[in-house]
Amino acid sequence: MTAPDIFLTGATGYIGGTVLDTLVRERPDYNITAMFRKVPDEFRQKYPKVKIVTGDYDDFETVANAAANANIVVHGGKSKHEGVIKAHIAGLLRRNKPSFFIRLGGTGIIADWKDGNYGELNSKIWSDIDDVATLTSMPDWALHRGVEKIIQEAAETYGNKLKCAIICSSGIYGKGRGLVRTQSLYMPDFFREIIELGAAFYTGSGSNRRSWVHIEDLMQIYLSLVDAAAAGGGKAVWGKEGYYFTVTQETSQLELAIAAGKILKAHGLIETEKPKRVSIDQIRNMCSSSGWAFDGLYTFASNTRAKSDRAQKYLDYVPKQPTVFECMEEDLLSCLQS
Ligand SMILES: NC(=O)c1ccc[n+]([C@@H]2O[C@H](COP(=O)([O-])OP(=O)(O)OC[C@H]3O[C@@H](n4cnc5c(N)ncnc54)[C@H](OP(=O)(O)O)[C@@H]3O)[C@@H](O)[C@H]2O)c1
C-alpha cells in the first residue's frame, strides 16, 4: 500500500491537535500536511516530517489546493464553518481518483436545546444505524445541519469520487495531546460557572443526560477511519450513511454536579459540596460569552443521548479509557491553569 497523503485542519485545537499527534505517532509512514493560521513555536521541532500550509478557513483556494493534493482530508476545528467544507470538496473533486473526507461534527445535532424539557430526561437515545435516515435529514435549525447538508449532498452527487464520513462526537473529556489547546469544552464552562455561583448546579430534576467519550477513545475512531481510507475504504461505511457517533457512556447533569461539588469542595474552591438547583433562567444566562443565546441551556440542561452502533459494527470499536468521573478531578483542576 502506498502511504496516503493526508491534509489535516484544526491542528492547534484540542481534538485536531490530538488527531495529529496520534497519526504521527501511530502511522509514521503516512504523509501529513497540516494547516495553521499561526504555526506554534515548537511545531517544526516536534513534528519535522509534517508539511505546513498557512491559511484561514475563509481562504477558499488555499484550502482547495491543499485538499486537491491529498487523498484523505481530516477536517477539524470550527465545525459549523460552511465555506471551508465547500473548499475541501471542491479540492477533492479536482483529483482523478476517489478521495476521502472525514469531518468532525458533534452530538449537538441531536440535542433538545430548542424546545427541550430543560433539566429533565428525554427517553430518546439515537442510534447512528437505526436513526441514520432521520440524522441525515434533520431540520435546518439543528446544530451542524448546514455543514452536514453540504457534505451529504456532495456524497450523493459524487459518491464514486468523494467518500465522506462524519465523526459525530459526543462531549469529550480527558487531556488532549496537541501543542496548543489540551482542554475540552464542557469542563472549563462548568468549572467557571460553578466558581461564579459558589456551588455545582443543575436545573429541574437534573435528570437530563449527555453522552461522553474520552479523547483517546475518540482517537481509536479517527485512526480506524483514516486507516480504512488509506486502504481504499476498508470495512468502513462512507457516503450519506457514513455517520459515526463516538459515545462510550452517559451521565445526568445531577450526577455531574454531585461529583464536581465533591471535588471542588475538597480542593477548597467552593464552600459546599451540595449541588444547587437553579432556575432555567439562571442556566439560560450561563456561557453568555459564546454569543449563542442557547449555549447555557444546551450545555447544562439538554439531552444528547446516542449510541456508537456503527463504529462498533464496522470499526471494531471497543472503548478502553477511564470514565468521565475518573477523569473529572484532573479535568476540572486543569481549569485553574487556563
Ligand atoms: N470538545 C468537545 O467536547 C467537542 C465535542 C463535539 C464537537 N466539538 C466541536 O469540534 C470543533 C473543534 O473542537 P475543539 O475542542 O478541538 O476546538 P478548539 O480546541 O477550539 O480548536 C479549534 C481549531 O479550529 C481552528 N480554527 C477555528 N477557526 C478557524 C479558521 N477560521 N481558520 C483556520 N482554523 C480555524 C483553530 O485554530 P486557531 O488556533 O488558529 O484558532 C483550532 O485549531 C468545535 O467546533 C466544537 O464545537 C467539540
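Predicted model: local features only at pLDDT ≥ 70, side-chain atom pairs only at ≥ 80, totals over all residues.
The unreviewed entry places the feature "domain: NAD(P)-binding" at residues 10–82. This span is 37% helix and 19% strand. Its end C-alpha atoms lie 15 Å apart. The unreviewed entry also gives "domain: NAD-dependent epimerase/dehydratase", at residues 147–233. Here the chain is 45% helix and 23% strand. The end C-alpha atoms of residues 147–233 are 22 Å apart.

Helix α3 covers residues 60–68. Its buried residues are Val63, Ala64, Ala66 and Ala67. Viewed down the axis of α3, these buried residues fall within an arc of 165 degrees, so they line one face of the helix. Several strands and a helix pack against them. The strands are β1 (5–8), β2 (31–36), β3 (51–54) and β4 (72–75). The helix is α4.

Helix α4 (residues 82–93) also pairs with helix α6 (residues 145–157). The two axes come within 9 Å and cross at roughly 15 degrees. Angles under 35 degrees count as roughly parallel. Helices α4 and α6 are therefore roughly parallel to each other. Their crossing is right-handed. On the α4 side, the contact involves Glu82, Ile85, Lys86 and Ile89. On the α6 side, it involves Gly146, Val147, Ile150, Ile151 and Ala154.

His144 lies in the loop between α5 (132–135) and α6. This residue is not a glycine, yet its phi is positive, at about 75 degrees. Is His144 buried or exposed? The cut-off for a buried residue is 20 or more other C-beta atoms within 10 Å. His144 has 21 C-beta neighbours inside 10 Å, so it counts as buried.

The crossing is right-handed. From α1, the residues in contact are Thr18, Val19, Thr22, Leu23 and Glu26. They meet Ile215, Met219, Tyr222, Leu223 and Val226 in α8.

Helix α13 spans residues 324–333. Its buried residues are Val324, Met328, Asp331 and Leu332. They cover an arc of only 85 degrees around the axis, which puts them on the same side of α13. What covers these residues? Strands and helices both take part, including β8 (171–173), β10 (209–214) and β12 (249–252). Helices α7 (186–197) and α9 (253–266) are also among the covering elements.

The pairing of α9 with α13 can be described in more detail. The two axes come within 10 Å and cross at roughly 45 degrees. Helices α9 and α13 are therefore oblique to each other. Their crossing is right-handed. The contact is made by Ala259, Ala260, Ile263 and Leu264 of α9. Their partners in α13 are Phe325, Met328, Glu329 and Leu332. Met328 and Leu332 are also listed among the buried residues of α13.

Asp316 sits in the loop between α12 (309–314) and α13. Asp316 is not a glycine, but it has a positive phi of about 50 degrees. Asp316 has 10 of them, so it is exposed.

Ser334 is found in the segment after α13. It has 16 other C-beta atoms within 10 Å, so it is partly exposed. Which residues does Ser334 touch, leaving aside those up to four places away in sequence? They are Lys175 and Gln183. Ser334 can also be compared with Thr182. The two are 152 residues apart in sequence. In space, their C-alpha atoms are 9.5 Å apart.

Methods
Residues numbered from 1 in each chain as written. Buried ≥ 20, exposed ≤ 12 C-beta atoms within 10 Å, placed from the backbone. Helix = DSSP H or I, 4+ residues; strand = E, 2+ residues; numbered from the N terminus. Arc of directions from axis to C-beta. Contact = placed C-beta atoms within 7 Å. UniProt positions renumbered as here; feature names shortened; annotations may be inferred. Axes fitted to C-alpha atoms, helices over the stretch in contact; angles between N-to-C directions. Parallel < 35°, antiparallel > 145°, perpendicular 65-115°, else oblique. Left-handed = near helix turned anticlockwise from the far one by under 90°.
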